[in-house]
Protein chains: 2
Amino acid sequence: MNNSHIRLNRATHEWVIYAPSRRQRPQEFPIASELPSSDAERARCPFCHYHNESILLELMDASGQGWQTRVVPNKYPALSPDVKPLRSLSGIYLELPGYGHHEVVIESPHHDQTLATMPLEAVSTVVETYRQRYLTLMAIPQNLFIIIFRNHGQTAGASLRHPHSQIITTPIVPRHYRWQEDEAQRYFDDWGRCAYCDMLEFELCDRQRLIADNDEFIAFVPYAAEVPCEVMILPKVHSADFGTITPHQVVQFASILKQVLLKLYQKLNNPAYNFAIMTAARYKANEPQLHWSCQIRPRLGTPAGFEMGSGISINPSLPEADAEFLNS
Amino acid sequence: MNNSHIRLNRATHEWVIYAPSRRQRPQEFPIASELPSSDAERARCPFCHYHNESILLELMDASGQGWQTRVVPNKYPALSPDVKPLRSLSGIYLELPGYGHHEVVIESPHHDQTLATMPLEAVSTVVETYRQRYLTLMAIPQNLFIIIFRNHGQTAGASLRHPHSQIITTPIVPRHYRWQEDEAQRYFDDWGRCAYCDMLEFELCDRQRLIADNDEFIAFVPYAAEVPCEVMILPKVHSADFGTITPHQVVQFASILKQVLLKLYQKLNNPAYNFAIMTAARYKANEPQLHWSCQIRPRLGTPAGFEMGSGISINPSLPEADAEFLNS
């Protein structure tokens with residue numbers, strides 16, 4: 001396993017190149033430590049001092065004395081619910097108005113908290129907030145697709161430190177997603193089973209890439225991880241649809257998410273990362289070949305021209321070594 | 001056109017969101033100016049002082065007095081030609097040894113040159129170098145796929161300043177590419193024509209997104225560009241295969257590439273960028289629905305969790321405005 005080799009992601013059918021000769025140990029990646037927040041930064045933080053009237057949802061903290069999470073419209077939205085998603089031609093090209101929702105989940109009233117170090121009850125409230133907004137937004141028929149995601153750290157695209165995640169809905173389903181649906185369908189038609197269910201059973205037995213495991217969820221470094229220390233969380237009971245998450249699963253998901261983020265925080269010195277909850281597009285929520293997931297990717301390297309042109313990732317770090325490192 | 005809208009890339013069928021409310025003018029993106037090179041940097045540059053025996057190709061400069069380009073093996077290769085690309089199963093997963101070529105094209109003996117500012121003859125020699133290595137590498141049957149690419153600037157993944165590009169061949173064809181082939185096939189079956197030929201004719205007429213145009217090539221900001229100031233170069237005469245490039249086309253391609261890179265250099269203050277030459281995978285070189293291209297992407301923003309999860313880009317800048325800016 002010391003030589004360069006190429007692995008196939010069974011779910012997406014994307015190839016990934018493993019290049020140990022280019023390898024840095026995960027802890028050797030240059031990680032830009034962020035300075036502690038200043039009084040001035042907190043004084044101008046729009047989430048510390050939210051004055052806009054429109055709070056879409058507010059959940060209370062465990063004490064019941066104050067708020068824990070707030071959902072507000074993104075001040076610089078990529079999309080707006082105020083237009084109609086009607087297609088038109090522009091010359092030979094197809095376009096439509098930018099219909100959609102773009103919301104911010106403020107995860108805590110405290111500027112310097114982060115999910116990795118917040119109490120479990122607080123993380124559970126964040127996940128419960130995702131669940132409620134998911135159900136509200138997917139009740140709107142124009143929303144065909146939804147992504148719940150988090151950018152942590154400047155190099156991961158976060159412009160504000162105050163802990164927050166985002167939700168975007170679109171009136172279109174990305175081709176990228178349809179491709180993954182096609183691959184999942186083909187696997188199901190070949191093997192009669194969900195590819196993600198097969199992966200989670202294999203990873204639970206094999207244990208080489210396992211990061212965490214509880215009643216309802218498993219976290220592991222995917223066999224064909226695209227970046228060092230990538231982690232995937234899957235629900236153990238098959239479901240295509242994040243919206244089916246039960247109250248018990250909300251707590252269990254919060255617990256495993258916190259566990260994974262804490263390992264990254266401790267082992268990689270609070271790295272920049274992105275996570276995204278990927279769930280079935282509208283009309284696909286009951287299909288047996290799709291499985292919702294949460295993908296977590298630390299931002300340790302820089303994809304460049306090869307990745308741009310080919311779509312193949314070059315990962316200098318072996319998933320098994322990453323798992324050992326995160327579990328050490 | 002001032003509102004957010006969503007555009008479909010006709011060739012790949014990927015959607016892109018245009019979000020002018022998040023817009024920065026291209027010149028307002030924070031671009032990390034690189035400091036001039038130091039004596040110490042030049043003294044330790046492995047391309048200024050190349051001692052390895054194996055030079056795979058060397059082309060002379062216009063004066064015929066010294067070398068202009070050298071092709072050498074990458075010192076930290078992602079892949080190696082010394083193994084056999086034989087598939088095997090690892091549990092439920094598929095893998096193969098990391099067979100492939102990974103070469104560096106040293107574009108000039110001069111450390112501080114760059115393609116944008118090199119004389120046209122020198123850029124032509126670089127393109128001629130690409131052509132010769134392409135033909136040599138694609139004569140090896142195990143190489144199913146080839147990418148010629150360039151990373152410029154640290155944020156684009158370049159670790160050395162000395163002007164260079166890279167060539168990688170793989171024994172696998174990325175799913176990403178097969179998807180683009182599928183879309184091109186579908187377009188051809190629908191319309192009876194190559195999608196790229198249709199795009200280039202439309203862009204030549206429409207002129208809103210045109211950047212440059214000569215006997216043999218066109219450069220334009222794609223209608224569904226994924227990033228600000230993205231540029232695509234297409235040969236005007238249909239060909240799926242970069243290897244068919246004629247001596248006249250070599251000079252014309254060098255000329256339009258230099259023109260585009262010089263516009264980026266001047267208008268965006270020498271930004272980091274990646275380019276990749278995309279050409280048909282083995283066995284597809286004669287197909288009428290595929291068209292080779294060169295994709296150039298300045299690194300002005302940071303893709304984040306939404307892009308990672310959805311595969312949809314959010315571009316704050318309109319392609320028509322980018323073209324106007326680059327042409328101003």
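A residue is called buried if 20 or more other C-beta atoms lie within 10 Å of its own, exposed if 12 or fewer do, and partly exposed in between, with C-beta atoms placed from the backbone. This is a predicted model, in which local features need pLDDT of at least 70 and side-chain atom pairs count only at pLDDT 80 or more, while totals for chains, interfaces and linings use all residues. Residues are numbered from 1 along each chain as its sequence is written, and chains are lettered from A and ligands numbered from 1 in the order in which they are written.

**View 1. Strand β9 of chain A and its buried residues.** Strand β9(A) covers residues 164-170, and seven of its seven residues are buried. A:H164, A:Q166, A:I168 and A:T170 point one way, A:S165, A:I167 and A:T169 the other way. In a regular strand the side chains alternate between the two faces of the sheet. Strands are DSSP runs of E with at least two residues, helices are runs of H or I with at least four, and both are numbered from the N terminus. Two strands pair if DSSP finds at least two bridges between them. Strand β7 (residues 101-106) of chain A pairs with β9(A) in the antiparallel sense over six bridges, and A:V104 has A:Q166 as its bridge partner. Strand β8 (residues 145-152) of chain A is joined to β9(A) by five bridges, also antiparallel; here A:F145 stands opposite A:T170.

**View 2. The sheet of 10 strands in chain A.** The order in this open sheet is β3-β4-β7-β9-β8-β13-β14-β12-β11-β10, and the pairing is antiparallel. Its edge strands are β3 (57-60) and β10 (210-213), each of which pairs on one side only. On average, neighbouring strands of the sheet are turned by 15 degrees against each other, direction ignored. Axes are lines fitted to C-alpha atoms, for helices over the stretch in contact, and angles run from 0 to 180 degrees between N-to-C directions. β8(A) and strand β13 (residues 273-278) of chain A run antiparallel and are joined by five bridges, with A:R150 opposite A:F275. Helix α2 (residues 120-138) of chain A packs on the sheet and touches β3, β4, β7, β8, β9 and β13; its direction makes about 35 degrees with that of β4(A). Two residues are in contact if their C-beta atoms, placed from the backbone, lie within 7 Å.

**View 3. The surroundings of A:V260.** A:V260 is found in helix α5 (residues 247-267) of chain A. This residue is buried because 26 other C-beta atoms lie within 10 Å. Leaving aside neighbours within four places in sequence, A:V260 is in contact with A:I211, A:A212, A:A219, A:V231, A:I233 and A:I296. A:A219 is 41 residues from A:V260 along the chain, and their C-alpha atoms are separated by 7.6 Å.

**View 4. A:Y76 in a loop of chain A.** The loop that holds A:Y76 lies between β4 (67-73) and β5 (88-90). A:Y76 counts as exposed because it has 11 C-beta neighbours inside 10 Å. The C-alpha atoms of A:Y76 and A:V127 are separated by 24 Å, with the two residues 51 apart along the chain.

View 5. Five strands form an open sheet of mixed pairing in the order β5(A)-β6(A)-β1(B)-β2(B)-β15(B). β5 of chain A and β15 (313-315) of chain B are the edge strands, each pairing on one side only. Neighbouring strands are turned by 35 degrees against each other on average, direction ignored. Within chain B, β1 (residues 5-8) and β2 (residues 15-18) run antiparallel and are joined by four bridges; B:R7 stands opposite B:V16.

**View 6. The interface of chains A and B.** In this interface, 65 residues of chain B are in contact with 65 residues of chain A. The side of chain B that touches chain A has 34 nonpolar, 21 polar and 10 charged residues. Ala, Val, Leu, Ile, Met, Phe, Trp, Tyr, Cys and Pro count as nonpolar, Asp, Glu, Lys and Arg as charged, and the others, Gly among them, as polar. Strand β1 (residues 5-8) of chain A and strand β6 (residues 93-97) of chain B run antiparallel and are joined by three bridges, and A:H5 has B:P97 as its bridge partner. For the complex, the predictor gives an ipTM of 0.92 and a pTM of 0.94.
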